[in-house]
Amino acid sequence: RAYVPRFAPTYLRSAFEWRDVQWTRQLPFSGRMGEYSGDGFTVDLPGNRSDAAGILSDLWNWHWVDTATRAVVVEVSTLSTNVNVVTSTRLVFEFGPTGSLKGTTESRAARVLFLAPSLDAGGPLAVFLMQLLMLVAFLVYTSFTFVLMYKTLRGFLGDNPGKKMRASGCRKSLSIIAHMFYHYFSYGWNVVDWAIIVTFLVHMGYRIEV
């Protein structure tokens with residue numbers, strides 16, 4: 001959905017197009033006056049101060065913010081190379097139905113070594129080695145879980161599971177699979193093992209996505 005003024009500059013047209021949360025990739029948050037989802041109208045400001053000021057002036061002149069606007073969110077990410085810290089700052093300006101204006105600021109910081117591998121001496125190298133050790137330990141743990149699972153299922157069937165299913169046919173194989181997994185997961189610690197593996201994989205997936 002686009003709400004572009006008739007004679008607005010071409011480079012501002014994308015700023016008047018409504019974007020859903022799949023496009024903006026923003027998380028919902030709570031303000032002082034209400035709840036805000038991740039969708040809306042967005043514009044990327046350049047790093048140059050004069051260029052950014054010119055875009056903001058044009059947005060104001062072409063009524064990008066009007067009486068229907070309930071909040072303007074400004075997000076800035078900065079990197080301090082002296083201490084290798086990334087800071088994400090969110091400025092929220094909320095407009096009340098009576099014309100009131102309230103602003104809030106939220107900043108979160110994290111060291112770069114927790115976001116990207118680093119071989120610099122000291123803390124960054126120690127964190128990288130710990131991450132590598134954790135990955136190796138997880139691979140060993142996962143391999144051990146698979147081996148233990150195979151031995152458990154083989155002991156339950158009294159034969160190689162794959163060989164048993166090939167000899168049983170398609171329909172009976174489904175019944176064998178159901179009985180095998182019921183027997184395996186009826187032991188609580190097996191459920192815990194797989195819960196740990198799945199949780200770790202989900203965590204790593206989120207880290208890679210971020």
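**View 1. The β5–β6 hairpin, with four residues between its two strands.** In the turn, Asn84 has a positive phi of about 55 degrees. This is a predicted model, where local features need pLDDT of at least 70, side-chain atom pairs count only at pLDDT 80 or more, and totals for chains, interfaces and linings use all residues. Strands β5 (residues 71-80) and β6 (residues 85-95) run antiparallel and are joined by ten bridges; two strands pair if DSSP finds at least two bridges between them. Look along the pair and you'll find Thr78 standing opposite Thr87 in β6.

**View 2. Gln26, in the loop between α1 (21-24) and β2 (29-30).** Gln26 has 30% relative accessibility, so it counts as partly exposed (buried is under 20% relative accessible area, exposed over 50%, partly exposed in between, with a 1.4 Å probe and protein chains only). Leaving aside residues up to four places away in sequence, Gln26 touches Val21, Gly38 and Glu75; contact here means heavy atoms within 4.5 Å. Ser37 sits eleven residues from Gln26 along the chain, and their C-alpha atoms are 7.9 Å apart.

**View 3. The protein chain, with six helices and seven strands.** Helices (H or I, at least four residues) and strands (E, at least two) are DSSP runs, numbered from the N terminus. Going along the sequence, the pattern reads β-α-β-β-β-α-β-β-β-α-α-α-α. Of the 210 residues, 20% are buried. For contacts with a separation of 6 or more, 40% come from residues 24 or more positions apart. Residues are numbered from 1 along each chain as its sequence is written, and side-chain values use heavy atoms, with hydrogens and water left out.
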